[in-house]
Amino acid sequence: MTTTSGPLLITGATLADGTRTDLYLAEGRLADPASAPAGVERLDADGLLALPGLVDPHTHLRQPGREDAETVASGTAAAARGGFTCVHAMANTTPVTDTAEAAEYVAALGEREGHCEVRVVGAVTKGLDGEELAELGMMADSAAGVRLFSDDGRCVGDSLLMRRALTYVKAFDGVIAQHSQDVSLAGPGACCHESEWSGRLGLPGWPSQAESIIIARDVQLAELTGSRIHVCHVSTAEGVDVIRWAKARGIRVTAEVTPHHLLLDTPLVAGYDTTFKVNPPLRTSEHLEAVREALADGTIDMVGTDHAPHARQDKDHPFDVALPGMLGLEQALAVVMEVMVGTGRMDWPTLVERMSTAPARLGQVPGQGRPLAAGEPANLVLVDPAARATVDASASRSRSRNNPYDGRDLPDPVVATFWKGRRTYAR
């Protein structure tokens, strides 16, 4: 379900490397601008950046099962608004995406209703129960072509089971994406970063080491098996240290950080506003600084939104009872621009690597994260680097409103998004 577009000539756009160019979109691909007919529709992109379409390795679309919170159509519309041309749909749906049939169902929804490409993430274990491996090989061989597997929202805590999962997916170069949380240390009720803030607020604390302990175990299992491990939503300095150590050893590990863990910190929880309840929790300033540095230097490979829509009835509870999660797709680029590009930590080519190329490589998605050159798929976003606006949660394309950036002044960069040459969002 995309907005149809005919051939289009975008004139005067600036690429991430500073090159000024024209881009001709025809039949879903980029073609030589000199071949554009005289009467073709034109779009003046003077002052705008043209970037490869963004790719999110970590999106919760909620369908099937929780269409009151999000659907494939609404979630991908939010993605297009944020400049994304591909998202990876997590497996914690109802039913869980733990079979080939379930994976093909989500993939078919994406083809029929998506405003961007929808790649399916399969569960690691049946029912996300952490006891028995899901149909990893069958999902990989299915029409959905699953290559990324995760029980996200739950940690695969059994070391032997994790070893078996890593061994199994190695045969087809699959990747296990782990929600790194030692539940025995953090506790199932942990909902605040363990610090003076958790004590002051009377909220169960999640220590940093509950994350880094699991990362340390998993990278060593990846080394043992020679397989690939991806660390979801890194949020701690200790976690960054372990990943940096593992990469220095040549272990096949990649990692992501969320926009909210780059910008938002623990003191926001002081008002008990459940919009700011998220898993892993918002961390204190020293951890924000660590993940920012790691994203800049490549220790953290990419940005993953962990877009987690929730209906009002799931958030309208006491803080320790409400479901964790935040919206992320529509403001992801804005946050990275604010925290990383605007401060000089990151240039535009590096942003393209972190938000497009690297996640496309992780998910093994052909046609995404590609250079904007003749012959390539026409997946791109036009960005106004100077535009800003106050975020209005009520204007979100998502069905949910748990937007932690509501009321903040942030960049509002996305002017238009094109997927397969079709305009899926225009300001």
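Residues are classed as buried under 20% relative accessible area, as exposed over 50% and as partly exposed in between, computed with a 1.4 Å probe on protein chains only. The structure is a predicted model, in which local features need pLDDT of at least 70 and side-chain atom pairs count only at pLDDT 80 or more, whereas totals for chains, interfaces and linings use all residues. Residues are numbered from 1 along each chain as its sequence is written, and side-chain values use heavy atoms, with hydrogens and water left out.

A search of the whole structure finds 22 salt bridges, a salt bridge being a side-chain nitrogen of Lys or Arg within 4 Å of a carboxyl oxygen of Asp or Glu. One of these joins the side chains of R244 and D297, with an N to O distance of 3.0 Å. Because R244 belongs to helix α8 and D297 to helix α10, this pair ties together parts that are 53 residues apart in sequence; helices (H or I, at least four residues) and strands (E, at least two) are DSSP runs, numbered from the N terminus. D297 is partly exposed, with a relative accessible area of 43%, and R244 is partly exposed as well, with a value of 31%.

The two helices that carry this pair also pack against each other. Two packed helices are described by the angle between their axes and the distance between the axes. For helix α8 (residues 237–248) and helix α10 (residues 285–297), the angle is about 30 degrees and the axes lie 8 Å apart, where axes are lines fitted to C-alpha atoms, for helices over the stretch in contact, and angles run from 0 to 180 degrees between N-to-C directions. Helices α8 and α10 are therefore roughly parallel to each other, given that angles under 35 degrees count as roughly parallel, over 145 as roughly antiparallel, 65 to 115 as roughly perpendicular and the rest as oblique. In this packing, A237, E238, V240 and R244 of α8 meet H287, A290, V291, A294 and D297 of α10, contact meaning heavy atoms within 4.5 Å. By class, the contact of α8 with α10 comprises 5 nonpolar, 1 polar and 3 charged residues, where Ala, Val, Leu, Ile, Met, Phe, Trp, Tyr, Cys and Pro count as nonpolar, Asp, Glu, Lys and Arg as charged, and the others, Gly among them, as polar.

Further salt bridges occur elsewhere in the model. The side chains of D46 and R20 meet at 3.1 Å, N to O, and since D46 lies in the loop between β4 (41–44) and β5 (49–52) while R20 lies in strand β2 (residues 20–26), the pair ties together parts that are 26 residues apart in sequence. R20 is exposed, with a relative accessible area of 53%. In the salt bridge between R361 and E353, the closest N and O atoms are 2.7 Å apart; R361 counts as partly exposed at 49% relative accessibility, and E353 is partly exposed at 24%.

In soluble globular proteins, nonpolar side chains tend to be buried together.

H58 lies in strand β6 (residues 54–59) and is buried, with a relative accessible area of 0%. Leaving out residues up to four places away in sequence, the contacts of H58 include H88, D152, H233, E256 and H307. H58 and A255 are 197 residues apart in sequence, yet 11 Å apart in space, C-alpha to C-alpha.

Most residues other than glycine have a negative phi, and most peptide bonds are trans. The peptide bond from Q63 to P64 is cis, with omega near 10 degrees, and P64 is placed in the loop between β6 and α1 (72–81). The bond from T94 to P95 is likewise cis, with omega near 5 degrees, P95 being found in the loop between β7 (84–89) and α2 (100–113). E27, although not a glycine, has a positive phi of about 55 degrees and is exposed, with a relative accessible area of 83%, whereas L128, with a positive phi of about 60 degrees, is buried at 8%.
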